[in-house]
Structure formats: structure tokens, C-alpha cells
Amino acid sequence: MIKFHHLCLCIFLLLCCAYNASGQTDGLGFYSHEVIQEKRTGLALGTTNALCFTGSFELSFEISFIPQQKNYFGYVVRIIRDETQNIDILYDYDPKFGDKHFRVVLGDSYSHISFSIPGIGINDEWHTIRLKFDQQRGMLTVVRDREIVSEKVNFPEKACYKIFFGANDYQSFRNADVPPMKIRNVQVKQNGALRYTWPLNEENGTVAASAHGNRPGVVINPLWIKKMHRNWQPLQHFSVNGPATVAFNQQKGILYIVTRDSLFSYSVASNKITPAAYTTGPQHIFSAYQSVYNQRANSILTFSRDLLVLGSLQPDSLSWNKYLDNPGRSQGYSHFNKYLQGDSILYTFNGYGFFVYQNDVFSARWPFTGNYQRDSTGGTITPRYLAAAGGDSNGVYIIGGYGNTSGRQVLNPKNLYDLHYYDAFRHTFKKLYTLRKDTEEFVFANSLVIRKEDNAFYGLIFPKNKFNTTLQMVKGSLTQPELQPVGDSIPYEFLDVDAFADLFYSPADKRFVAVTLYSPDDHSHTRVGIFSLYDPPFPVTPPAAPAAGVEKKWWLAIALLTVILLLISIGARFRKKKTPPVTGLTTVPDNNSHIEAAPPQASAVYLFGDFQVFDASGAEITKLFTPLIRELFLVTLLYTLKWERGISAEKLKELLWFDKSPESARNNLAVNIAKLKSILDKTGGCEISKDTGYWKIKTSGVLYIDYLAYLADARQAVKPDRADITAMTGIIRRGSFLPAEEHEWLDPFKSDISNDIIDRFLRYVAITDLKEDPAFLVQVADYLYAFDPVNEDVMRVKCKALVALGKHSLARTAFTNFTRDYRKLYGEDYQPDFQQTIS
């Protein structure tokens, strides 16, 4: 039983984490001196409906400066009283005030109030500033964190105020000098009571919602911080002469673009590019080469895959230590991965060229002179390119790619989704897992950002079969086969070895940096794109926004209540007697339609929807099936049920252990067959045998298999009637056939089942009066979308059935959703309009 103090502790930690997560990512950023005056940011409060007070009041807000900027001069806030007097806080460089750069201005004169904020402009920490207008004492007080400064100032008993942060264009009080700052949690209190609150937690628009008091603010040129954690910001687009490579100085947040005649240095903090010609003359840079920044020597290393070509460029002196050679056949391999261990050993992995995929590992030691060593362990990883690599202090993680075991492009290459770890001390590879892919095929951009403290990595993925494509950032686990899309997409022109993309992280700026290169045709020029995303990155789809006007404390209260109820529910489950799991299908009536429930779950195997297996007592034993044993079971079962002969041992070894030697594959098969037999014994009606020379799954009448039931119905339903469709729907309502399993041998099964199920439904519709039972047809059509979400015939049936039910708006919504998905899939509009579809 959960004790009360444990419950309180859980709630406290959860709410603290929720507060910290939002606190680091909200606020309004201000465009400053890096843009022209018309593009700078301003926040206006009380301009439409002035903020009027009787007696004393207080304005407070949190502020942070964007680090590493050259110029911070400007107005933090300007308060205008009764259209006559301004009270300002500005950041000033006047040396007579020493390090107290924050000054309060009254009218056209400095007040005696000045203060400093230690560390501001160096880090991005938030600080609270409060301005207290004490009418009774005639005192203006500024409280910065715990520092308090006051001055005698007379205020009228009643007055109305307008408040401007940053730039404003209000009458004679206009100004365009804005510090590069961030503001959040603006509050106004009157006589100690909270009157207005502007959290500044929006993602879009020019309205700053008021969470307390109905006084929305107006923002010009907004830079919403939350949006910058979800949307990649396009920072720079430009062209350079010839091919180019990229390297990143993580300590200083500088991206280097290495070209044939110049080095382009891009500062993430200032968003400025500095080109500079080499002092040693033009260099031989080729698209097959890559670069990496060496912190130890403050140099940029540019090299070929085999490290026979390796040169060093000093960014300060702009001098090369040697002229690079033209790439020979061994050097002309593109999209290989690199890893610099401790600034002293450079490694390269993988690569593609001359219709061959590679898996060699090369290394060179400091000082880097082009003398390389080849590691013999490369053969333990499938040859590939378009993989991603990211290192820690002991080795490098390598994930994904495109290739095959032979390394020859003509022999059926495919996408790879395995994660390996290369131990740089033992020189060994270890496979950690294989991703469960449930989207379109994808490959990776060149680098991973590793977060050991979070047991996670970040990378960029994209489909390689498109030219005008997009990069999508993903967050993955270092131990579990999990991927989560974060941030929106980045446009990317991909044409095999003519394109390149990479990902970096700048700790000082707390931003991810993505760079794209495209060098078409004769490589006479390269188009460069630079993008950034703030850390932590948010998921692709934002959560639903709370209703306007609801205070944060109420949402916290709702969250608190939800957690309490959830924990009480968990505690209640532990107190109850354990009952068999109930994941079967129940009857869901819809008007006069009726779908039969699934059979009992004792001794059952479900392949439609989530793969599930239940033993003779009704307990779920799915977790006993590891990914390998599950695939072994599925391929044997499906080959047995569909063709009634099973599958040969040779075919099993070819499908499951293609990368093993014959002896190793034979041993693996024997070991995993024994494990599978032990698991199947628990079902009470299933076993695996090899009586006929083929491995087969034998079942008794006790064991229910939904795929077997589907096959029985399919063989009988030449002219399906209502009972046939009802029986079919009782099976497929769980979902499509093995949706979480992605194997090449499984694709024909999925395709045949989808085509058969949809054809069977359409044959039934063709001989049925749609008006007899339209609700039933809508229900079945919804299940069929799991098999083919853009099937035109199913969409027409659903829309017509909804119209027959009088649900015209739902019919139009179904049509709109279909046309949207159709365009996403095919890249063109669906031609028939709604009226033509339902006619």
C-alpha cells in the first residue's frame, strides 16, 4: 500500500519538474541591434486600456540577457504616467557608474538608482526585478533579486500607466534601442494584491495573453522562446565556391565551413559569418572529404575516409600544413562517419563509393600526419553509408544507414536500423539493439549528439529516395529501441554523394545546430544552410493550449488532483485480487450495427493489432518473446498456416542470421528453437516440430489464432454476406496485421491481407443497399483505414454512408481528412471534389 508521505513526495517532485521544465523554455525574446530598427521587438501593456491605480502598486518581471552579444545598450522597460512622464530602466555603458549598468531614468534625467546583475550577458540565468511605487511614502524602490535601491519620488494618488518593454513607437516616447534580452512572468500588484499577470508563454502571434486580469498585451516582431524549442530557425543561406566540408568548435560555438579558397566562420551567438582567404593559397577540397575541429591544437582536420589524405588548417593564421592530394579510388568514399577521441585519435567508419559500401575502421594518432592504421574489427558491422555516429570518452555509437552484408550495391541493399557501440580501447563492436521502424524508410545525417546523463542521443533522419526532402530531428535511447520526433522539419535537397547534412550542439548557446550542403553537377559551388533549435527540443506536436484566462495555479491544482487520483487507482489495484488480463474485443453497438466479440483469451495468439500470446490459464506471456524469438515464431507460423508446409532451416538462417557464419547460424537456430519450444508449451495447444524436414507450428483445436480464423473466412467468402463481414470485422477491429513488425519477408503477407480484406468489403458493398445499414458500413470502413488510410473506394463508402445517416458535416470532415492524407502521400491534390464523391 502506498503511504501518504510517499504520495506527497511523488506529487511534489512531479510538480517541481513540471515547473522547472516550463520555466526554462517560456518567455519573449527581443530582436536587438543585430536587425534594423523596424525589425526590433517590443511589448506594450495598457495601450488599449490603460492600467490605472489608486495608491501604491508594483511592477515585477523576470529578465535574462542573451549571452555573448557585443552590444547590450537599450531600454529594458519604459513606464509612461498619464501621458506626461517616463520612468525607465535602461542598460547603459556610461563608465562613471562603474559596473552598475542598469540605470533608472525619470523624465530626461538619471535618478540615483543604479544596480548591477552579476553574470548577466555571460550566462542565460533569469533574474527578478521589481519596481515599487509607494505613493504614501513618496518612494520609488527597485529590488533586483535581493539587492534593494530606493529614491524619493512623488506620485499622484491616482494615475494611469502604459508599460513598454523594448522598442516602442508611442507618441514622443518612441525608442528603438533594445538590449538582446528575454522577459517573462510580468506581474502588477496594487496595494499588495495581484492585479495583472502576463506569463509570456505563447508560441505564436502578436498578443501577450493576460492570465490574471483582462488586459492582453501587444507584441511587435515577437521572438517567442517556446517556439524556438519546437521550430528550427533558418539562420543563414549562402553559396561558396567549389565543394565544402564542415567542422564545429563546440567550446566557442563556431561552425567552420571549409572551402577551396576560404574559411567561413559562423558564430552561433551573434549569427554572423566571417569569410577569410587562406594565407597559404587555395586548397584541394573535395566532396568526399570531411572535417573535424581539434580543440587540443586549435586546428581543423580535413581528411579522406582512409586517412591517407589528411591536412590541418589553423583558423587563427588561416594556414594549411600541407596541400591535400586529389582523391584516388581508395579516398573517394563519401558519407563516412568520423570520431575524434580525446583530441588525440581520429577514427573513420563506413562509407560509399564506386557502387560499394564499406565497413572498415581507420585511425590516426596525434600528431596527425596522414599515417593511418586499419582496424580488423570492421567486419563485425554491416557495410553501410548514411549512418550517424556520436562518441563519448570511451568509444562511439553508430546507428542506421543503408547497405548490405556483401557491400555490393547490386545485391539488394536496404535500410539498416541497428545501434552499435565501438569500444575504442578494445577495438570491438557491440550491437545494442535494432529499432522497431513504424514509419517510412529513413537514413541518418552524419553525426549524433550524445547525452550520457540522459542515456539519450539526438540525430537527424530523412528518406533517401527523395530530392526535395526534409530532415527530422529525433531523440533516441542508448539502451532501448525508441525514437521520438522533436522539433519541426528542415528542408533538405538530397542527391546521394552531392548532398551532406550534419548535427552539432553548442553548450554555451544551449542550441542544436544543423547544417546542410548541396553541391550539384560539377561541384563548382555548394549551397549552405544553417539552422538552430533551442535545447531542450519540444515534441513535434504541441500540447493543447489551456483555455484563455485560466490561471496557472488552477492548472497546477488540476494536475495535482489528477496525480492523486492516479496514485490512488494504482494503490487500489495492488489491493485487489489479481484477475486474468482483458484485452479482447467487446461488443460495441452503433445504432443497429453489431460486431461480434473476439473469442476467449485462454490459449490464444493475436496477430491483428498488437502481437499478443496468452497461455492456457489466460495469462499474457507476450513479454517472453524477445524480438528474435518473436520473428522466429512468426515466420514459422505464417509459412505453416498459409502454405501448410512450414519453412526450411536454410531459409530461416538466411532470414534471421544472414550475417553469421554457417556454423554460427546453425547454433543460433538450435538455441532459439529450444527457447521457443519452452514458451509454446505454456499455451497448451501449440508446438514447433520438424517431422517433415521443414520447421512447422502444430496447433490443436484448443489454441485460437486470429490469422487462422481469418484464413478460414477468406477461403469461404467468395460472395460475402453480412455474417461474413461481421466475422471479418471481429478480427480486424484490433488493428492492421502485425503493425509493429517490420521485416522484408513479412511485407507480402501484409499486402495480401490488406488487399483481400478491402476487396471482400467492397464486394459486399456492391451487392448491398447502402441505406439498409449505413452505420455498420461506417464502422467497418473505420477499421479498414488501419490497412489502407488512402483507399478511395473505402472513403467513398464511408462518406456516402454518413450522408445516408444525415451526418453531412462528418462526411465532409472524413473527405477533408482523406484529401489531406492523400496529398501528403502522393504530393498532389485529390481530383474529385466532395459532391462528385458522394454523388
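Reply: Begin with burial. Buried means under 20% relative accessible area, exposed means over 50%, and partly exposed lies in between. Keep in mind that this is a predicted model. C52 has 34% relative accessibility, so C52 counts as partly exposed.

Me: Which class does C160 fall into, buried, partly exposed or exposed?

Reply: C160 is partly exposed, at 28% relative accessibility.

Me: What is the handedness of the disulfide of C52 and C160, and which parts does the pair tie together?

Reply: The torsion about the S-S bond is about 105 degrees, so the disulfide of C52 and C160 is right-handed. C52 belongs to strand 3 (residues 51-54) and C160 to strand 12 (residues 158-166), so the pair links parts that are 108 residues apart in sequence.

Me: Next, helix packing. At what angle do the axes of helix 3 and helix 5 cross?

Reply: For such angles, 65 to 115 degrees counts as roughly perpendicular. Helix 3 (residues 627-643) and helix 5 (residues 662-680) have axes that come within 10 Å and cross at roughly 80 degrees. The two helices are therefore roughly perpendicular to each other. On the helix 3 side, the contact is made by L628, I629, L632 and F633. Helix 5 contributes L669, N672, I673, K675, L676, I679 and L680. By class, the residues of this contact are 9 nonpolar, 1 polar and 1 charged.

Me: Which residues of helix 4 and helix 5 meet, and at what angle do these helices pack?

Reply: Helix 4 (residues 649-656) packs against helix 5 at an angle of about 100 degrees, with the axes 10 Å apart. That angle makes helix 4 roughly perpendicular to helix 5. A649, L652 and K653 of helix 4 meet A665, R666 and L669 of helix 5. The contact of helix 4 with helix 5 has 4 nonpolar, no polar and 2 charged residues. L669 is also listed in the contact of helix 3 with helix 5.

Me: How many residues of helix 9 are buried, and what do they pack against?

Reply: Helix 9 (residues 774-784) is mostly covered, with 10 of its 11 residues buried. Among them are F776, L777, V778, Q779 and Y783. The buried residues of helix 9 pack against helix 7, helix 8 and helix 10 (792-804).

Me: What does the side chain of R734 reach, and is R734 buried or exposed?

Reply: R734 sits in the loop between helix 7 (722-732) and helix 8 (747-766). R734 is buried, at a relative accessible area of 17%. Its side chain reaches the backbone oxygen of F608 at 2.7 Å. R734 and G609 are 125 residues apart in sequence, but 4.7 Å apart in space, C-alpha to C-alpha.

Me: Which residues is Y710 in contact with, leaving aside its neighbours within four places in sequence?

Reply: Y710 is in helix 6 (residues 706-716), and counts as buried at 6% relative accessibility. With those neighbours set aside, its contacts are F608, I731, D752, I753, D756, I757 and R760.

Technical notes
Residues are numbered from 1 along each chain as its sequence is written. This is a predicted model: local features need pLDDT of at least 70, side-chain atom pairs count only at pLDDT 80 or more; totals for chains, interfaces and linings use all residues. Side-chain values use heavy atoms; hydrogens and water are left out. A disulfide is a pair of cysteine sulfur atoms within 2.5 Å. Helices (H or I, at least four residues) and strands (E, at least two) are DSSP runs, numbered from the N terminus. Buried means under 20% relative accessible area, exposed over 50%, partly exposed in between (1.4 Å probe, protein chains only). Axes are lines fitted to C-alpha atoms, for helices over the stretch in contact, and angles run from 0 to 180 degrees between N-to-C directions. Angles under 35 degrees count as roughly parallel, over 145 as roughly antiparallel, 65 to 115 as roughly perpendicular and the rest as oblique. Contact means heavy atoms within 4.5 Å. Ala, Val, Leu, Ile, Met, Phe, Trp, Tyr, Cys and Pro count as nonpolar, Asp, Glu, Lys and Arg as charged, and the others, Gly among them, as polar. A polar contact is a pair of N or O atoms within 3.5 Å; within protein, one must be able to donate a hydrogen and the other to accept it, and residues adjacent in sequence count only if both atoms are side-chain atoms.
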